[in-house]
2 protein chains.
Amino acid sequence: MSKQTRVGFQGERGAFGEVAAGKLMPGEAELVALPNFPALFQALAGRKIDYATVPIENTLYGSIHENYDLLLKHRLPILYETNVRIVHNLIARPGVSLRTVRKVYSQPPALGQCRRFLERHKKWEVVPYYDTAGSVRMIVEQRLPDAAAIASKAAATIYGGRILAKDIGDDPENYTRFFLLGRRRLEGSHSTGTKTSIVFATRNLPGALFRCLSVFALRDISLSKIESRPLRGRPWEYLFYLDFQGNPASGPARNALKSLAEITEFVRVLGCYSTIP
Amino acid sequence: MSKQTRVGFQGERGAFGEVAAGKLMPGEAELVALPNFPALFQALAGRKIDYATVPIENTLYGSIHENYDLLLKHRLPILYETNVRIVHNLIARPGVSLRTVRKVYSQPPALGQCRRFLERHKKWEVVPYYDTAGSVRMIVEQRLPDAAAIASKAAATIYGGRILAKDIGDDPENYTRFFLLGRRRLEGSHSTGTKTSIVFATRNLPGALFRCLSVFALRDISLSKIESRPLRGRPWEYLFYLDFQGNPASGPARNALKSLAEITEFVRVLGCYSTIP
């Protein structure tokens, strides 16, 4: 991998998307922080970056629908997936101790996931901030003497913060599934990928979704996820996003997709990929 | 209906939840504004209100997952459903004209749904605010001479604002589906309801969801919606919320639910209800 390879993620340096980039794109790569998900997809489509790490679902929060919609809008294939354990830490600038903390900054979902820890410190004021890693940067740069932030260990390292309490989340089963997106399919991915993501629209008939799932069930193909999203301009009709075990190059999955195309309005393969442990 | 009947909704007076209350609960009822969805469910469970209007999905935004989770957490049956067309209006205090507007306040989703209208006015600064109706109240109360807000017609009426431009949303097919929740099922609802909402967890087996849908398909029962949510504590497993046409008191739907109970870990009926046009 050349040094010029650029991997984009959403958030400030030290965001969990950057942690995902470390797993999905090991080796030398330039990391590019983008302010939001539309900007991230746009940067990849417009060749400003070569790859993007995109969170698609979290075990506590659920699906990140904005990214499902963006996968449909852009044609940027999924190359790999990985799961990142979301470990929240309480971080302050050096010299600040647990006893001097009075305010805690972070993104609202991170604050919500550390509710029990925060409730043990009744005197702390909880302040919503636009980004987890960004809240560490802010309290360190502004040299706040009574503030802490909740973010990744990577954010503490990058901005010179000190971890006052580690792994403070309420629920240890807090994982986010990330995709690595590129502009073109990996060469040979159709022979090595083990999981496939597709999107399709059913015909508006009774039993339509059941028929669509039958093309997989009749071939013993396991589904790992189904997600519905509204179809724009057709109130109360839906698009379905489906993940299944298999590779469209192999017999059963290829036949399943062929049958699915017969009975749906449209089908698109979003990617066939391997899971990075 | 007695004058003491109290209907709660989320947001400030003039929110779309209040518009839904007007359709779902015609006649004399005291309207109670609650600051957020957990508080709304809590108020109903704790007998501070008698009914609650709860948005469950929007044709542009998709499902409101927080409320799916709250339907599971509380046992508050769905009594009726209705669809409310979301009509966004540009509102200012009397005396302010289109030409003097420099700032526009509203909730981010409402601002996003009026993007094309706002882009025609390059000089306007767009300012996110926590509530649509609340932004009208704020600009009127603070007598802002150069500000407008985006909200419902009801909000303009309640706070004495003037509509400068009506129905300014990008997409006319903007509807929100609302439930009316109570503490007990309506008497006789099991004979008059035409639609049923359930939640269930599949056994973790290949083809599990397909089997679950088969109990409806084999009986020609139409599904109108399926939604998945993460199962807490069991990463990458899901709960399914399903809406179908039918009444659990009638033969086919009753048999379908009986079969579903056989092959799932749990099933719960969230309500059987009619649609208010």
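Domain bounds in these notes come from an automatic or database domain assignment.

**Ground rules.** I'm working on a predicted model, where local features need pLDDT of at least 70, side-chain atom pairs count only at pLDDT 80 or more, and totals for chains, interfaces and linings use all residues. Residues are numbered from 1 along each chain as its sequence is written, with chains lettered from A and ligands numbered from 1 in the order in which they are written.

**Domains of chain A.** I looked up the assignment for chain A and got domain 1 (6–84 + 174–181), domain 2 (89–165) and domain 3 (189–276). Over C-alpha atoms, the centres of domain 1 and domain 2 of chain A are 24 Å apart. I then checked contacts, which for two residues require C-beta atoms, placed from the backbone, to lie within 7 Å. In chain A, 11 residues of domain 1 touch 14 residues of domain 2.

**How the copies relate.** I laid chain A on chain B and found an RMSD of 0.0 Å, with a turn of 180° and a shift of 0.0 Å along the axis. The two copies are thus related as by a two-fold rotation axis. Both copies use the same surface, since 100% of the contact residues of chain A recur in chain B. The superposition is by least squares on the C-alpha atoms of residues with pLDDT of at least 70 in both copies.

**The A–B contact.** I get 25 residues from chain A and 25 residues from chain B. On the chain A side, the elements giving two or more residues are helix 9 and strand 13 (223–230). Strand 13 of chain A has the largest share, with seven residues. That side of chain A splits into 12 nonpolar, nine polar and four charged residues. My helices (H or I, at least four residues) and strands (E, at least two) are DSSP runs, numbered from the N terminus.

**Helix 9 against helix 9.** Helix 9 of chain A and helix 9 (residues 208–217) of chain B pack at about 140°, with axes 10 Å apart. I call that pair oblique; the scheme has angles under 35 degrees as roughly parallel, over 145 as roughly antiparallel, 65 to 115 as roughly perpendicular and the rest as oblique. The axes are lines fitted to C-alpha atoms, for helices over the stretch in contact, and angles run from 0 to 180 degrees between N-to-C directions. Helix 9 of chain A passes helix 9 of chain B in a left-handed crossing, meaning the near helix is turned anticlockwise from the far one by less than a right angle, with clockwise being right-handed. I listed A:Leu209, A:Phe210, A:Leu213, A:Ser214 and A:Ala217 meeting B:Leu209, B:Phe210, B:Leu213, B:Ser214 and B:Ala217. By class, this helix 9 contact between chain A and chain B has eight nonpolar, two polar and no charged residues.

In chain A, the axes of helix 9 (residues 208–217) and helix 10 (residues 251–263) come within 9 Å and cross at roughly 165°. That makes helix 9 of chain A roughly antiparallel to helix 10 of chain A. I noted a right-handed crossing for this chain A pair. A:Arg211, A:Cys212, A:Val215 and A:Phe216 of helix 9 make the contact with A:Ala256, A:Ser259, A:Leu260 and A:Ile263 of helix 10. I counted these by class as six nonpolar, one polar and one charged.

Key. Ala, Val, Leu, Ile, Met, Phe, Trp, Tyr, Cys and Pro count as nonpolar, Asp, Glu, Lys and Arg as charged, and the others, Gly among them, as polar.
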